[in-house]
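Please examine the structure shown below.

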Amino acid sequence: MTFGYNRQILRVDLTRRKIRVEKPPESFYRRYFGGRGVVTYYLLKELGSAIDPLGSRNILVFAPGVVTGAPIPGGGRNSVGAKSPLTGAYGEAEVGGFWGAELKHAGFDGIVMKGRAKSPVYLWIHDGEVEIQDAQHLWGLDIGDSQEIIRKDVGERLARTAQIGKGGEEMVRFACIINDLKHAAGRVGMGAVMGSKNLKAVAVRGHGGPEMANPEKLKELTRWIVDNLEEEHGKMHEYGTGAAMKEGVLSGNLPTRNFRDAEFPDPEAISAQAIKDTVRIGMEACYFCPVRCKKVVKIEEPYAVDPIYGGPEYETLAAFGSNCGINDLKAICKANELCQRSTLDTISTGNVIAFAMECFENKLLTKTDTHGINLTFGNVEAMLQIVEMIAKREGIGDLLAEGTMRAAERIGKGAEKFAVHVKGEEVPMHDPRLKRGLGLGYSVKPTGADHMNNLHDTWTKKMPSFGIVEPVPLEDLGPKKVRLYMYKVNFEIIKNCLLLCDFVHWDEDQIVEIVRAVTGWDSNLWEIMKVSERSINMARAFNIREGFTRKDDWLPDRFFHPQTSGPLSDTAVDPRKLENAKSIYYSMMGWDQERGAPTRAKLEELDIPWVADKLGLSWDAS
Amino acid sequence: MIQVKAYGILKKHLDGKDKAEFSLERGSTVSNLFRKLRKTRSDRWMVVVNGKIATENTILNEGDIVSIFEAIAGGTCTWNLEKRKFSRNAFLAEYVNMVS
């Protein structure tokens, strides 16, 4: 008898239209838990190195975790992974909503897709049954329209969908996959991989699912969240993300005009408070979650914004707002909606437009390149036009759809200095000139510039229960900060394996209690941190196999220079300190100094010698 | 005198006001100022002196303007740092303070 998982992974060969079910042993689940653990497992086992991420040999893995679908707040999530077409490195994004839980309830713990369908298809999974359906009639449609048709086609009005829109179909390198019309597996182009496979959607409905080992304990844990909602999650419940725009300007953390400036008039005009007061019609929750932090906005003019696509998060407000020099809230909401319709990652889309705006202001792009669009910072109509052009790969949109790194290479003339990305992934809306540990994280994280489950130095200065009892100063980038970063991330990545939401503030003891109550295992904190560390090492190993090395762990040039004014105008990241922090981090992680590659000893210690074999690591070389 | 400006929930340390003035001994640091504001401070306070990010060791001089506010997570400030239980009424009072 197993608890928490189904012991069924769905294998779909889209080229041959073949479906089979794999039944991994319990040891598989206990060693990898799900999410990133499972994604890295399949990518390392089944991909050769140097394959084309948009070719048929890439695989696309949908992976909930062992606690997904359990009746607990934050338990409705799934990861999606593949080799990234944006970075060429390990690709993974996590997403909320209901789809992940629904997949578990339909009898599956994950889906591994390979090959490429000859013509557009979608997958229909319902209570253990799986069908590949024709999707020619859905290709090109916004996801709101295609979801409606899919639900009619399958005769199930509550079918949950993970879909791509035009951006994914056109293989925009930062296209995302969207669950339930409004929850994005946003980053590093998983939607482009889905598009490359001619897969429009995966629709799911399930009424069963695994049993829980200790349902009473789960009720108790949920009751704790409800009873302490105001204290622990009050502001998220009231506003969602984006309620600290003024503080962002005060501290220099709000990216402004492509991370160049600090002065931004009236930041509160694009805040979650302003949204609540003007365009918000409600708040919605993900599966089983009382925090209910998802905004829903509706606008009629000057732009019609359809509430079925939710509303903008902080990242989106800053990416299309301050980072493009725009403080028109309605326009930002429209940009968000356009991205949802056509499944574009809002962080990368906003960032690549800001990059283009800076190139335009510096005459590296001209009106000939932009087909007459005056692409200056603050130009609302230009921003909205470019979002649509990226989704359709029209005009300059085709160049920008390649992502900032490739666009800068093609523009040349020194455009690279305006390109704010790490390994090709556009930087999210947190500035490493303020948060130095976060900058180390941007540098070394396997997917590129990733702010989730990273160290936010302003927020976490010590972790007493992990033995870090003295606060580490904000500006520190020495061994103490590296240790803080490593412990924080080695713990937090468990949320990407189990999968749990970062915005439900379970502490480490509660997470252990959740694992025990769902699975019945005698787990402890040590075990779950080892699962997390295992997945970090497997993702690192994937990148090492792809040829990534020490020099790729770096920040864009912009962060080595101060902002033009404001709180961070006389400080920047010191490249020597960053290089030193990397050395310390590699040593602490058990990685070599030359490439940052895990040693054979480290991989043996983590009980994954097969990963060392994949890298050809001998004991001698360790 | 040193002028202190507080934002959001931290206004409570200035008796609910936006700003207040303090006199400190010569050579006092941000850390000394925090001790004056309350006995124990949270690690999640942010401090800006004369418009520039400062640390606890930054020395304060006559005429300096010090801004204090909470750290940011998910683009949203922490709601309650002391893990106090509070009633619905107290919650609303804090909330009104926050957005006013």
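Predicted model: local features only at pLDDT ≥ 70, side-chain atom pairs only at ≥ 80, totals over all residues.

Helix α20 itself covers residues 508-519 of chain A. Of its 12 residues, 9 are buried, so α20(A) is largely enclosed by the rest of the structure. The buried positions are E508(A), Q510(A), I511(A), V512(A), I514(A), V515(A), A517(A), V518(A) and T519(A). From the first C-alpha to the last, α20(A) reaches 17 Å, close to the 16 Å expected for 12 residues at 1.5 Å a residue.

Helix α2 of chain A, residues 35-46, can be examined in the same terms. Its end C-alpha atoms are 17 Å apart, which agrees with the 16 Å that 12 residues should span at 1.5 Å a residue. Because 10 of the 12 residues of α2(A) are buried, this helix is largely enclosed by the rest of the structure. The buried residues are G35(A), R36(A), G37(A), V38(A), V39(A), T40(A), Y41(A), Y42(A), L43(A) and L44(A).

Beyond its neighbours within four places in sequence, K602(A) is in contact with K530(A), E533(A), N537(A), M589(A) and G590(A).

Attention now turns to residues in loops. T458(A) is placed in the loop between α17 (436-444) and α18 of chain A. With a relative accessible area of 2%, T458(A) is buried. Which residues are in contact with T458(A), leaving aside its neighbours within four places in sequence? In chain A they are L434(A), K435(A) and L474(A), and in chain B they are D43(B), R44(B), M46(B), A71(B) and I72(B).

Within chain B, L14(B) occupies the loop between β1 (2-6) and β2 (19-22). L14(B) has a relative accessibility of 2% and so counts as buried. Apart from neighbours within four places in sequence, the contacts of L14(B) are V4(B), K5(B), A6(B), K19(B), A20(B), F22(B) and L37(B). By contrast, I53(B) lies 21 Å from L14(B), C-alpha to C-alpha, and the two residues are 39 places apart in sequence.

Most residues other than glycine have a negative phi, and most peptide bonds are trans. E301(A) and P302(A), however, are joined by a cis peptide bond, with omega about 10°. P302(A) is found in the loop between β14 (294-297) and α11 (314-320) of chain A. M171(A), which is not a glycine, has a positive phi of about 55°. This methionine, M171(A), lies between α5 (166-169) and β10 (177-179) of chain A, in the loop, and is partly exposed, with a relative accessible area of 26%. D266(A) also has a positive phi although it is not a glycine, here of about 50°. The loop that holds D266(A) runs between α9 (245-251) and α10 (272-278) of chain A. The relative accessible area of D266(A) is 47%, which makes this residue partly exposed.

These local views can be set within chain A as a whole. Chain A has 24 helices and 16 strands. Its radius of gyration is 23 Å, close to the 25 Å that the globule rule gives for 622 residues, so chain A is as compact as a globular protein of that length. The C-alpha trace of chain A spans about 65 × 55 × 50 Å along its principal axes. Buried residues account for 68% of the 622 residues in chain A. Of the contacts in chain A between residues at least 6 apart in sequence, 69% join residues at least 24 apart.

Chain A carries 80 positive and 85 negative side chains, and the centres of the two sets lie 3 Å apart.

Note on methods. Residues numbered from 1 in each chain as written. Chains lettered and ligands numbered in written order. Heavy atoms only, no water. Helix = DSSP H or I, 4+ residues; strand = E, 2+ residues; numbered from the N terminus. Rg over C-alpha atoms; globule rule 2.2 N^0.38 Å. Buried < 20%, exposed > 50% of the residue type's maximum accessible area, 1.4 Å probe, protein only. Contact = heavy atoms within 4.5 Å. Lys, Arg positive; Asp, Glu negative; His and termini not counted. Charge placed at Lys NZ, Arg CZ, Asp CG, Glu CD. Expected span 1.5 Å × (residues − 1).
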